[in-house]
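Here's a quick briefing to read with the model open beside you.

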Amino acid sequence: MIELVSESRCIKCNLCVTACPTNVFDAVPGSAPKISRQSDCQTCYMCELYCPVDALYVDPNAEESVPVDEEALIASGLLGSYRKNVGWGKERTSATKK
């Protein structure tokens, strides 16, 4: 389930808003998108994949909202880890390709 849109990393491109198949986000002019319908998240990771700056975190194990700490996610390497693991993004290769 989508748990975080990082205000500090977000570049307000709204790619997550358009990529989400269940319309979880609302675009906010001049600000980061808002998670408005969190319970509609299907944990498909499309928002994470399309975010060019790794500003989103989808918790793979959450069926209900869970508290997250952005600094802890950064320190643990989880913020942006899905894109990195699948090799999506400039100058990235899949973690499964060695």
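The largest nonpolar core holds 18 residues, and those with the most contacts inside it are Ile2, Cys16, Val24, Phe25, Cys47 and Leu56. S1, H1 and strand S4 (56-58) are the elements that give two or more residues to this core. A nonpolar core here is a set of buried Ala, Val, Leu, Ile, Met, Phe, Trp, Tyr and Cys residues joined through side-chain atoms within 4.5 Å.

Keep in mind that this is a predicted model: local features need pLDDT of at least 70, side-chain atom pairs count only at pLDDT 80 or more, and totals for chains, interfaces and linings use all residues. Residues are numbered from 1 along each chain as its sequence is written, and side-chain values use heavy atoms, with hydrogens and water left out.

**Around Cys47**
- Leaving aside neighbours within four places in sequence, Cys47 is in contact (heavy atoms within 4.5 Å) with Ile2, Cys16, Phe25, Leu56 and Val58.
- Val86 sits 39 residues from Cys47 along the chain, and their C-alpha atoms are separated by 14 Å.
- Val86 itself belongs to helix H4 (residues 81-86); helices (H or I, at least four residues) and strands (E, at least two) are DSSP runs, numbered from the N terminus.
- Val86 counts as partly exposed because its relative accessibility is 40%; the scheme is buried under 20% relative accessible area, exposed over 50%, and partly exposed in between (1.4 Å probe, protein chains only).

**The hairpin**
- Strand S2 (residues 25-28) and strand S3 (residues 31-35) run antiparallel, joined by 3 bridges; strands pair if DSSP finds at least two bridges between them.
- Phe25 stands opposite Ile35 in S3, and Asp26 has Lys34 of S3 opposite.
- With 2 residues between them, S2 and S3 make a hairpin, and Gly30 in the turn has a positive phi of about 75°.

**Cavities**
- How many cavities of 30 Å³ or more does a search of the whole structure find? The search turns up 2.
- A cavity, on a 1 Å grid over the protein atoms alone, is a set of points where a 1.4 Å probe fits but cannot get out, and lining residues have an atom within 4 Å of a point.
- Grid points are joined across faces, edges and corners, and a volume is the space filled by probe spheres set on the points.
- The largest cavity takes up about 90 Å³. Its lining has 14 residues, with Cys20, Val24, Cys41, Cys44 and Cys47 nearest the centre.
- That lining divides into 11 nonpolar, 3 polar and no charged residues; Ala, Val, Leu, Ile, Met, Phe, Trp, Tyr, Cys and Pro count as nonpolar, Asp, Glu, Lys and Arg as charged, and the others, Gly among them, as polar.
- The second largest cavity comes in at about 70 Å³. Of the 13 residues lining this second cavity, Cys10, Cys13, Cys16, Cys51 and Leu56 lie nearest its centre.
- For the second largest cavity, the lining splits into 12 nonpolar, 1 polar and no charged residues.

- Most residues other than glycine have a negative phi.
- Thr43 isn't a glycine, yet its phi is positive at about 55°. You'll find Thr43 in the loop between S3 and helix H2 (46-50).
- With a relative accessible area of 22%, Thr43 is partly exposed.
- Asp54 is another residue other than glycine with a positive phi, near 55°. Asp54 belongs to the loop between H2 and S4.
- Is Asp54 buried or exposed? Asp54 is buried, because its relative accessible area is 11%.

**Two more residues to look at**
- Glu7 is in the loop between strand S1 (2-5) and helix H1 (15-19), and counts as exposed at 53% relative accessibility.
- Setting aside residues up to four places away in sequence, Glu7 touches Ser31 and Ala32.
- Glu7 and Ala75 are 68 residues apart in sequence, with 17 Å from C-alpha to C-alpha.
- Tyr50 is part of helix H2 and is partly exposed, with a relative accessible area of 36%.
- Not counting residues up to four places away in sequence, Tyr50 touches Leu15, Ala19 and Trp88.
- The C-alpha atoms of Tyr50 and Val17 are 9.7 Å apart, with the two residues separated by 33 residues along the chain.

Terms used: On a 1 Å grid over the protein atoms alone, a cavity is a set of points where a 1.4 Å probe fits but cannot get out, and a pocket is an open set with protein on both sides within 12 Å along at least five of seven lines; lining residues have an atom within 4 Å of a point.
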